[in-house]
Amino acid sequence: MPHIAVMMYPGRDEATKEAVARNLQAELMKTLNAPASAISVSIEDVAPDAWADTVAKKVAHDDIRIASDFVK
């Protein structure tokens, strides 16, 4: 069922990435009333100099629900 794809600058350790993934999964479970087994989360490190190009290529502008200062 749902998949959450997170792209962020490199530099966070594996424990932090795991915590982000687990927290996102827990919130989606609560909001969608879905079991953990139905939710997947991926995290991709993207270098700052590749950010705009990478996000623009992978995420349709209309699909961005909350835009940051880096993606508008």
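**Exercise 1. In which segment is methionine 1 found?**

Solution. Methionine 1 is found in the segment before β1. The model is predicted: local features need pLDDT of at least 70, side-chain atom pairs count only at pLDDT 80 or more, and totals for chains, interfaces and linings use all residues. Residues are numbered from 1 along each chain as its sequence is written, and side-chain values use heavy atoms, with hydrogens and water left out.

Step 1. Helices (H or I, at least four residues) and strands (E, at least two) are DSSP runs, numbered from the N terminus.

Step 2. Methionine 1 counts as exposed, at 72% relative accessibility. Here buried means under 20% relative accessible area, exposed over 50%, and partly exposed in between (1.4 Å probe, protein chains only).

Step 3. When neighbours within four places in sequence are left aside, methionine 1 is in contact with Ala34 and Ala38; contact means heavy atoms within 4.5 Å.

**Exercise 2. Describe the overall architecture of the protein chain.**

Solution. Step 1. Two helices and two strands make up the elements of the protein chain, and from the N terminus on they run β-α-β-α.

Step 1. The C-alpha trace spans about 35 × 30 × 15 Å along its principal axes.

Step 2. The protein chain has 72 residues, of which 24% count as buried. Of its contacts with a separation of 6 or more, 65% are made by residues 24 or more positions apart.

**Exercise 3. Which residues of helix α2 are buried, and against which elements do they pack?**

Solution. Step 1. Helix α2 covers residues 51-58, and Trp51, Thr54 and Val55 are buried in it.

Step 1. Seen down the axis of α2, these buried residues fall within an arc of 90°, so they line one face of the helix. The arc is that of the directions from the helix axis to the C-beta atoms.

Step 2. The buried residues of α2 pack against β1 (3-8) and β2 (40-45).

Step 3. The face turned away from the buried side carries the exposed residues Ala52, Ala56 and Lys57. Lysine 57 has a relative accessibility of 66%. Its C-alpha lies 25 Å from that of leucine 28, at a sequence separation of 29 residues.

**Exercise 4. Identify and classify the aromatic pairing.**

Solution. Step 1. A pair of aromatic rings is described by the distance of the centres and the angle of the planes. Rings of Phe, Tyr and Trp (its six-membered ring) pair if their centres lie within 6.5 Å; planes under 30 degrees apart count as stacked, over 60 as edge-to-face and the rest as tilted.

Step 1. The count by this rule comes to one aromatic pair. The ring centres of tyrosine 9 and tryptophan 51 are 5.5 Å apart and the planes stand at 85°, so the pair is edge-to-face.

Step 2. Tyrosine 9 lies in the loop between β1 and α1 (14-32) and tryptophan 51 in helix α2, so the pair ties together parts that are 42 residues apart in sequence.

Step 3. Tyrosine 9 counts as partly exposed at 30% relative accessibility, whereas tryptophan 51 is buried with a relative accessible area of 13%.

**Exercise 5. Which residues lie nearest the centre of the largest pocket?**

Solution. Step 1. A pocket is defined on a 1 Å grid over the protein atoms alone, as an open set of points where a 1.4 Å probe fits, with protein on both sides within 12 Å along at least five of seven lines; lining residues have an atom within 4 Å of a point.

Step 1. The largest pocket is lined by 15 residues, and Ala5, Val59, Ile64, Arg65 and Ile66 lie nearest its centre. The elements giving two or more residues to this lining are β1 and α2, and β1 provides the largest share, four residues.

Step 2. The lining divides into 12 nonpolar, one polar and two charged residues. Ala, Val, Leu, Ile, Met, Phe, Trp, Tyr, Cys and Pro count as nonpolar, Asp, Glu, Lys and Arg as charged, and the others, Gly among them, as polar.

**Exercise 6. Where does asparagine 33 lie?**

Solution. Step 1. Asparagine 33 lies in the loop between α1 and β2 and is exposed, with a relative accessible area of 71%.

Step 1. Most residues other than glycine have a negative phi. Phi of asparagine 33 is near 55°, a positive value.
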